[in-house]
Amino acid sequence: MKFEEIAKYLERVEITTGRIEMINILTELYRKIEDPQDAAILSYIILGEIHPPYKGYELGMSEKLITRAIAFASGYDSSEVEKRLNVLGDIGRVAEEFISKKKQKTLFTEVLTLRKIYNTFNKIAQTTGEGSVDMKIKLLTGLLINASPLEAKYIARLADGNMRLGVADMTILEALANAKGSRERKPILEEAYNKYPDIGEIAKILYSEGWEGIQKVDVTPGIPLRPMLAERVRSPEEAWEKLKGRLAAEFKYDGERMQIHILGNGEVQIFSRRLENITHQFPDVVEAVKKHVKLERGIIEGEALAFDPDTGDFRPFQELMRRKRKHDIHETAKQIPVTLRLFDLIYDGQSYLKKTFPERRRRLEEIIDENELIKVSELIYPKTLEELKKFFLLSVEQGFEGLMIKSTGPDSIYQAGNRGWLWIKLKRDYRAELTDTLDLVVVGALYGRGRKAGLLSSYLMAVYDPENDVFKTVCKVGTGFKDEDIMEMNRLLKPYIRDRKPARVVSQMEPDVWVEPAIVLEITAAEITLSPIHTCAYNQIEKNVGLALRFPRFTGRYRMDKSPEDATTEKEVIEMYQRQKKIVVEGE
Ligand code: ATP
């Protein structure tokens with residue numbers, strides 16, 4: 001398929017401010033595609049990728065390199081292109097502008113196809129070593145020379161890894177379901193995608209093997225699945241009631257979630273909660289798994305905790321995050337050693353997704369050879385509510401976050417990518433302020449005054465509504481940010497600033513700038529109140545009224561391990577609001 005045709009669709013997607021319209025345009029585009037490989041490539045490209053993120057391919061093209069390619073292809077000086085980039089702040093628009101006024105007209109231009117773009121970007125990703133920078137620039141220049149201004153816009157953005165379309169994986173799944181059936185089939189695609197989150201593969205299977213093929217998709221070592229998530233309660237009583245006493249309770253550790261894959265050839269891979277391949281940060285965990293997990297091929301899950309080798313005490317979560325910033329990983333691994341607490345088994349040669357929690361746990365215990373570095377999580381099967389309460393107190397007393405309470409019933413399967421009542425979190429301090437912190441997405445920002453003039457210093461925050469795949473505002477937050485946080489926020493937000501409301505954002509407020517949903521922050525608040533301004537839960541509790549956070553404050557924790565779709569959901573906020581009301585009434 002010609003890239004020009006695709007670029008025209010992408011432009012329509014870019015300028016629409018409505019989500020339904022966005023889906024319709026994408027559906028129309030997918031209906032034009034016949035070849036399964038094209039469907040795969042198109043899906044990656046719409047997301048600004050050429051492979052699923054867990055494969056960790058880096059194009060290695062900085063803005064500077066892209067600028068040079070634009071300069072070569074258009075016959076201008078790099079400094080002129082850079083100057084324009086400083087004004088426009090969007091490498092795509094810069095490419096479009098310079099290609100439309102390029103100095104030499106090429107005599108023979110090659111028509112760009114989707115395949116050509118994809119193959120060239122693959123080459124760019126694979127070019128490494130000496131002379132690779134020049135080679136990368138040459139390859140990109142080759143594309144830009146043959147590109148129309150519109151094509152150039154999206155080629156440059158793809159090189160930058162940011163398409164600025166506001167389309168997420170769930171949006172693509174909906175368009176695919178529409179194009180190959182109907183919207184009602186989106187859950188079938190979603191289920192497959194939860195087990196195998198590779199948007200290109202899913203599109204390819206749908207186009208080549210149809211819905212039957214999609215239903216056969218299952219977990220596979222080497223492909224991270226989307227993690228199962230928990231609902232929350234305020235008290236052991238509430239959890240006991242929810243699960244009718246059929247439950248297990250585990251300590252809730254405050255570390256980093258790890259999905260560990262054993263590939264069969266002796267290789268071990270580690271994936272984060274966001275499914276990024278973080279293997280290289282944890283050579284010590286890899287070694288420990290090789291030695292102490294008795295599986296040929298497998299997928300297990302647990303929490304990694306930093307600990308002090310001298311005292312054996314656990315260290316705060318933040319220390320683990322330091323590993324991300326360090327270059328000499330082996331040295332850091334010695335200074336900040338980690339220990340694993342495993343809590344689930346998903347694959348041991350066959351898929352355990354459909355097995356009950358007790359079955360999965362039993363198998364997990366069988367295959368772990370426990371020692372200081374690897375243990376299964378502390379667990380009990382309480383027979384009474386009293387026992388559960390005692391275990392909760394024990395966990396808090398030992399400095400843990402509280403409990404993870406898990407259903408042991410016949411339906412207690414592993415629900416990849418879902419937040420449900422099969423897992424429940426009960427955290428300590430549940431009577432202070434709000435039950436829990438919220439993880440909210442920045443969708444807009446406002447300029448400060450005085451000392452903070454010219455800096456975006458308060459932020460419009462939103463929850464996620466997975467049913468409609470949109471973000472709804474719940475507060476504006478400007479408290480809790482230190483000076484360095486404000487600098488960091490301005491740096492983090494820069495690539496996501498937009499002059500139009502992003503299509504998946506639902507807001508009545510008009511911030512100074514809009515922000516494409518990308519950055520997640522942890523926020524606390526005094527309580528949840530009714531609000532005529534915010535769109536979270538709008539019309540769901542009372543007519544013309546939504547829910548908002550009162551006295552919101554940034555906790556200082558950037559949730560880089562969460563994507564915007566992992567943020568606190570609208571439904572969770574409604575539940576928190578209702579529970580809070582109940583407590584007030586009960587307390588009266
Ligand atoms: P969530 O992962 O639910 O979106 P979050 O990242 O903010 O939210 P929490 O709300 O604190 O985390 O609780 C869930 C997390 O607790 C899990 O994702 C996992 O990383 C961690 N965890 C700690 N101990 C356990 C355990 N025993 N079983 C399952 N998860 C555990």
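Analyst: Happy to. To start with a term, a charge sits over a ring if NZ of Lys or CZ of Arg is within 6 Å of the ring centre and within 35 degrees of the ring normal. The model is predicted, so local features need pLDDT of at least 70 and side-chain atom pairs count only at pLDDT 80 or more, while totals for chains, interfaces and linings use all residues. Residues are numbered from 1 along each chain as its sequence is written, and side-chain values use heavy atoms, with hydrogens and water left out.

User: Which ring does the charged end of K180 sit over?

Analyst: That of Y207, at 4.2 Å from the ring centre. K103 has its charged end over the ring of Y76, 4.3 Å from the centre.

User: And ring on ring, how many aromatic pairs are there?

Analyst: There are 13 aromatic pairs. Rings of Phe, Tyr and Trp (its six-membered ring) pair if their centres lie within 6.5 Å; planes under 30 degrees apart count as stacked, over 60 as edge-to-face and the rest as tilted. F314 and F400 are a tilted pair because their planes are at 55°, with the centres 5.6 Å apart.

User: Where in the chain are F314 and F400?

Analyst: F314 is in the loop between β5 (297-306) and α15 (317-325), F400 is in the loop between α18 (385-397) and β9 (402-407), and they are 86 residues apart. Helices (H or I, at least four residues) and strands (E, at least two) are DSSP runs, numbered from the N terminus.

User: Is F400 buried or exposed?

Analyst: F400 is buried, at 9% relative accessible area, whereas F314 is partly exposed at 30%. Buried means under 20% relative accessible area, exposed over 50%, and partly exposed in between (1.4 Å probe, protein chains only). Ring pairs also link F314 and F400 with F251, Y253 and F391 into a cluster.

User: New topic: what's the strand order in the open sheet?

Analyst: The five strands go β1-β10-β9-β2-β8, with mixed pairing. β1 (229-233) and β8 (379-380) are at the edges with a single partner strand each, so one side of each has no neighbour in the sheet. Two strands pair if DSSP finds at least two bridges between them. Strand β2 (residues 247-252) and β9 run antiparallel, joined by six bridges, and A248 has K406 in β9 as its bridge partner.

User: Which helix packs on the sheet?

Analyst: Helix α17 (residues 357-367), which touches β2, β8, β9 and β10 (419-427). Contact means heavy atoms within 4.5 Å.

User: What about β3 and β4, how do they pair?

Analyst: Strand β3 (residues 256-263) and β4 are antiparallel over four bridges. In their hairpin, which has four residues between the strands, G264 has a positive phi near 105°.

User: Which residue other than glycine has a positive phi near 60°?

Analyst: That would be A537, located in the loop between β18 (527-531) and β19 (546-550). A537 is buried, at 0% relative accessibility. D469 is not a glycine either and has a positive phi of about 55°.

User: And where is D469 found?

Analyst: In the loop between β12 (456-465) and β13 (470-477). D469 is buried, with a relative accessible area of 0%.

Notes: Axes fitted to C-alpha atoms, helices over the stretch in contact; angles between N-to-C directions.
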